[in-house]
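Subject: Structure handover

Hello,

Here is the structure for your files. My notes on it follow below.

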Amino acid sequence: MSSETAKAKLISAAGEAREKAHVPFSKFKVGAALETSSGEIITGCNIENASYGLTLCAERVAIFKAISEGKRDFAAIAVVVDTDELTPPCGACRQIIWEFCGDIPITMANLKGRVETIRMSELLPRAFDAGFLTST
Ligand code: THU
């Protein structure tokens, strides 16, 4: 992520995406925004289903949208939730972020202006990845 301005733009995009969340069951709206290395932003929101296990998190929606559009190089991701304590990505999303984005910065923000950025390697230490599949 190049600057504080870029970070603010990413948070704002995640906040807008959050408004589109389809959350009739949890009412817990999440927005995510993924920045490519060329500065493009791809957003996602969580999308729930009456068959609860089919729910998709905002982070994975953003990543899968980006991958399906041929984007592969990612610089940062922001996640916006309206919680006092900042909400980090769930375990499944951490694995997917690691797979496609590697050790990028994750910015967590809420609607009250609280912001914190940490790296993926702090959120998912000793991660499993494709490297292990060839090590035997
Ligand atoms: N959720 C996300 O979108 N991202 C996360 O990393 C945590 C959880 C969504 C899934 C579900 O729609 C709602 O939050 C409650 O779990």
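A crossing is called left-handed if the near helix is turned anticlockwise from the far one by less than a right angle, and right-handed if clockwise. This is a predicted model, so local features need pLDDT of at least 70 and side-chain atom pairs count only at pLDDT 80 or more, while totals for chains, interfaces and linings use all residues. Residues are numbered from 1 along each chain as its sequence is written, and side-chain values use heavy atoms, with hydrogens and water left out.

Helix pair. The crossing of α2 and α3 is left-handed. Helices here are DSSP runs (H or I, at least four residues), and strands likewise (E, at least two), numbered from the N terminus. The contact (heavy atoms within 4.5 Å) involves Glu59, Arg60, Ile63, Phe64 and Ile67 on α2, and Ala92, Cys93, Ile96, Ile97, Phe100 and Cys101 on α3.

Asn110. This residue sits in the loop between β4 (105-109) and β5 (115-119). Asn110 is buried, at 8% relative accessible area (buried is under 20%, exposed over 50%, partly exposed in between; 1.4 Å probe, protein chains only). Beyond neighbours within four places in sequence, Asn110 is in contact with Val81, Thr83, Asp84 and Leu86. A polar atom of the Asn110 side chain lies 3.4 Å from the backbone oxygen of Asp84, and one lies 3.2 Å from the backbone nitrogen of Gly113.

Leu124. This residue is in the segment after α4 (120-123). Leu124 is also buried, with a relative accessible area of 17%. Not counting residues up to four places away in sequence, Leu124 touches Arg94, Gln95 and Trp98.

Regards

Note on methods. A polar contact is a pair of N or O atoms within 3.5 Å; within protein, one must be able to donate a hydrogen and the other to accept it, and residues adjacent in sequence count only if both atoms are side-chain atoms.
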